[in-house]
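The sequence and structure are shown first.

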Amino acid sequence: MAEALRRPFVARRLHRPALRHSGIHRERTCEAAGRTWRCLAPATESGRQSSRPFAQVHGAFLNNRLTIVDTSRIWPFTTRNTFNSRLNLMHALAVRNLVLHLKEHDRIKDAQGKARIGICTPYAAQAKLLREILKSHALDNATVRASTVHGFQGDERSLMVLDLVDSVGERNAGIFLQANQLEDSGAKLMNVALSRAQEGLVIVANLTFLDQKLPSDAILRGLMHDIQRSAQIVDVKEILALCPVVEDLKRFGSQPELDPECLRTGLFGGRDFAKLCRFDMENAKQSIVVFSAFITQERAAQMGDLFRQKIAGGVKVRCITRPPNRNGTIPEEQGRTALKALEALGVGIDLRNDIHEKVVVVDNTIVWFGSLNPLSHTPRTSELMARVDNAGVASHLASILSARRRSAEELERGVFTEPENPRCEKCSDWSVLVRGKHGPFFSCVNYPRCNWTQNIDAPRRRKN
Ligand SMILES: [Zn+2]
């Protein structure tokens, strides 16, 4: 594997910033970008006072002071919590594996017992997710700090990891990443991440997304373009492979035959995902919660028998998907039939106008997430799902994916497995969670024929 990593990874690269602005603005931007790069350069190019090669310091897989982990090839979806803060599970998983690998090589603390690694991200939700994940591996925030920029004021680390989060699922790069003035908070974030790194910097980024979405005058575009010339660019699959999922999969015994590549990286294609996820669901003791942007009759029928058995055994099953009239290319009537069939089995159905999360949570412990829609994918797809067996991650994800804000105590009681949408009080049909200008609300699935709506905070009066 080390050999593979030494090969230059000629993957996605950010194109040179094509400054389309003219006159004063253009000059100002160039000057700003130049100043940023100059003030950042000492920390990155010459590596401050450290004379040891980076590889020796951080383990053989990182051969360079500057490393970019490109996540383009695994479709790492960005999602948002109830406060609209962005997070990215695939990125979090990659950072976790990197940290666990460093832990394995005894690189978490220096000789004086001082914490060596800092993880910086623009978004509070991602910082919290990273802390939750690391906590579940017995790494508290004093040992490996994961924080937004504010957590690193005046602090230095041997190795800084900058997780840029923004990726597919978002229309645009976030305001932090779009910064084009040194005074912008996004520029300060980059400055902190880069200037606090004494020996090495790892940037986790979806380069393809950034290349498409970063404005031409964004400081980050110029910076990444410069950095990538001296940086080692590593495919995220190599980072995921640092922490093989074999341990996680021990409970499967020798049962399912899996593609060796998926055992190496922990990423499962359509066929293996279908096989393993079904196995997890068959073993469910309490609950199965499925988020799927789309639903097909075929997949609903395949799942139907399993769901019926589990529900008979006392397992709660909940599906969250789009309303039939927004079910992609699938005809409205087919989507409705599939949902009605699941509901008749006792599956709780919640509809949301905008959902791109593809997630399965079993027993509030096992989490499947990625780019495959669990209720509509076909085995031929090239998209991928990852699996994490971790109650802390599952609980954090449950709070993010809930329509309402949930307390830790509520999540412990298992409210995540209960449907959230009320029934329409006019026509008794389903309601749909809609994100409006003034916040989320429920609307009748038959809108505009039925115009019933309800505020999300209204007391619940379910009829079913
Ligand atoms: Zn209605």
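Strands, like helices, are DSSP runs numbered from the N terminus, a strand being at least two residues of E and a helix at least four of H or I. The model is predicted.

## Positive phi values

Most residues other than glycine have a negative phi. W75 lies in the loop between β1 (66-70) and β2 (78-80), and its phi is positive, near 50 degrees. A residue with 20 or more other C-beta atoms within 10 Å of its own is buried; W75 has 21 such neighbours and therefore counts as buried.

A138 is also not a glycine, and its phi is positive at about 60 degrees. The loop that holds A138 runs between α5 and β5 (145-147). Because A138 has 8 C-beta neighbours inside 10 Å, and the limit for exposed is 12 or fewer, A138 counts as exposed.

## Helices α5 and α14

Helix α5 (residues 124-135) and helix α14 (residues 391-401) have axes that come within 8 Å and cross at roughly 155 degrees. Angles over 145 degrees count as roughly antiparallel, so α5 is roughly antiparallel to α14.

On the α5 side, the contact is made by A125, L129, E132, I133 and K135. On the α14 side, G392, V393, H396 and I400 take part. By class, the contact has five nonpolar, two polar and two charged residues.

## A cis peptide bond

Most peptide bonds are trans. The bond joining Y447 and P448 is cis, with omega about 5 degrees. P448 is placed in the loop between β17 (439-444) and β18 (453-455).

Key: Residues numbered from 1 in each chain as written. Predicted model: local features only at pLDDT ≥ 70, side-chain atom pairs only at ≥ 80, totals over all residues. Axes fitted to C-alpha atoms, helices over the stretch in contact; angles between N-to-C directions. Parallel < 35°, antiparallel > 145°, perpendicular 65-115°, else oblique. Contact = placed C-beta atoms within 7 Å. Nonpolar A, V, L, I, M, F, W, Y, C, P; charged D, E, K, R; others polar.
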